Amino acid sequence: MNATTAFSESIEPYLNYTRMPWGRLFYRTVWEQIGTFMSDKSKSILDIGCGFGISSNEYSRRGHDVTGIEPTPEMIAIAAKEGPEVSYLGDSFERVAGNL
């Protein structure tokens with residue numbers, strides 16, 4: 001089983017985790033820690049392995065220009081639905097980088 005298939009099979013439990021109080025606390029804590037290194041100016045952010053787009057969408061809401069890369073089709077579909085202003089690429093980083 002490859003990694004993309006494994007992630008596809010674990011979508012529901014992981015999505016449920018992100019909606020629980022401790023899942024939300026995890027993301028808020030990470031955003032606060034990362035925020036200490038970011039200025040108030042808008043940045044271009046590349047979120048490799050963006051999953052459901054939780055962080056991509058949050059940084060987009062904060063005014064940043066975000067691109068998310070995720071090879072799992074089900075995850076990228078959820079991310080794109082929740083964050084239409086984010087540029088989502090449904091592919092692996094290796095393939096995307098190889099096309100630059």
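Tyr 14, Tyr 17, Met 20, Trp 22 and Phe 26 together make a nonpolar surface patch of about 500 Å². The model is a predicted one.

**The nonpolar patch**

- Helices H2 and H3 each contribute at least two residues to the nonpolar patch.
- Trp 22, one of the residues that make the patch, belongs to helix H3.
- Trp 22 has a relative accessibility of 51% and therefore counts as exposed, the cut-off being over 50%.

**The largest pocket**

- The largest pocket holds about 360 Å³ of space.
- Its lining consists of 15 residues, and those closest to the centre are Thr 18, Ile 54, Asn 57, Arg 61 and Glu 82.
- At least two lining residues come from each of four helices: H2 (11-19), H3 (21-35), H4 (54-61) and H5 (73-82).
- Sorted by class, the lining of the largest pocket comprises six nonpolar, six charged and three polar residues.

**The second largest pocket**

- About 240 Å³ of space is found in the second largest pocket.
- Fourteen residues line the second largest pocket, and Tyr 27, Asp 47, Gly 49, Cys 50 and Ser 55 are the ones nearest its centre.
- Strand E1 (44-48) and helix H4 are the elements that give two or more residues to this lining.
- Helix H4 gives the most, with four residues.
- The lining of the second largest pocket has eight nonpolar and five polar residues, together with one charged residue.

**Salt bridges**

- Side chains of opposite charge can pair when their charged atoms come close.
- How many salt bridges does a search of the whole structure find? The search finds three.
- One of them joins the side chains of Glu 58 and Arg 61, with a distance of 3.3 Å from N to O.
- Glu 58 and Arg 61 are separated by about one helical turn, because they stand three residues apart in helix H4.
- Is Glu 58 buried or exposed? Its relative accessible area is 16%, so Glu 58 is buried, the limit being under 20%.
- Arg 61, by contrast, is exposed, with a relative accessible area of 55%. Arg 61 is also among the residues closest to the centre of the largest pocket.
- Glu 58 forms a salt bridge with Arg 62 as well, and here the closest N and O atoms lie 2.9 Å apart.
- Arg 62 counts as partly exposed, because its relative accessibility of 43% falls between 20% and 50%.
- Through shared partners, salt bridges join Glu 58, Arg 61 and Arg 62 into one network.
- Asp 91 and Arg 95 also form a salt bridge, their closest N and O atoms being 2.5 Å apart.
- Arg 95 is exposed, with a relative accessible area of 51%.

- Glu 9 lies in helix H1, which spans residues 3-9.
- The relative accessible area of Glu 9 is 56%, so this residue is exposed.
- Glu 9 and Glu 74 are 65 residues apart in sequence, and their C-alpha atoms are 9.8 Å apart in space.

Definitions and conventions: Residues numbered from 1 in each chain as written. Predicted model: local features only at pLDDT ≥ 70, side-chain atom pairs only at ≥ 80, totals over all residues. Heavy atoms only, no water. Buried < 20%, exposed > 50% of the residue type's maximum accessible area, 1.4 Å probe, protein only. 1 Å grid on protein atoms, 1.4 Å probe; cavity = no way out; pocket = protein on both sides within 12 Å on 5 of 7 lines; lining within 4 Å. Points joined across faces, edges and corners; volume = space filled by probe spheres on them. Nonpolar A, V, L, I, M, F, W, Y, C, P; charged D, E, K, R; others polar. Patch = residues over 30% accessible without salt bridge, like charges linked within 9 Å, V, L, I, M, F, W, Y side chains within 5 Å. Areas by Shrake-Rupley, 256 points an atom, 1.4 Å probe, with all protein chains shown as cover. Salt bridge = Lys/Arg side-chain N within 4 Å of Asp/Glu carboxyl O.
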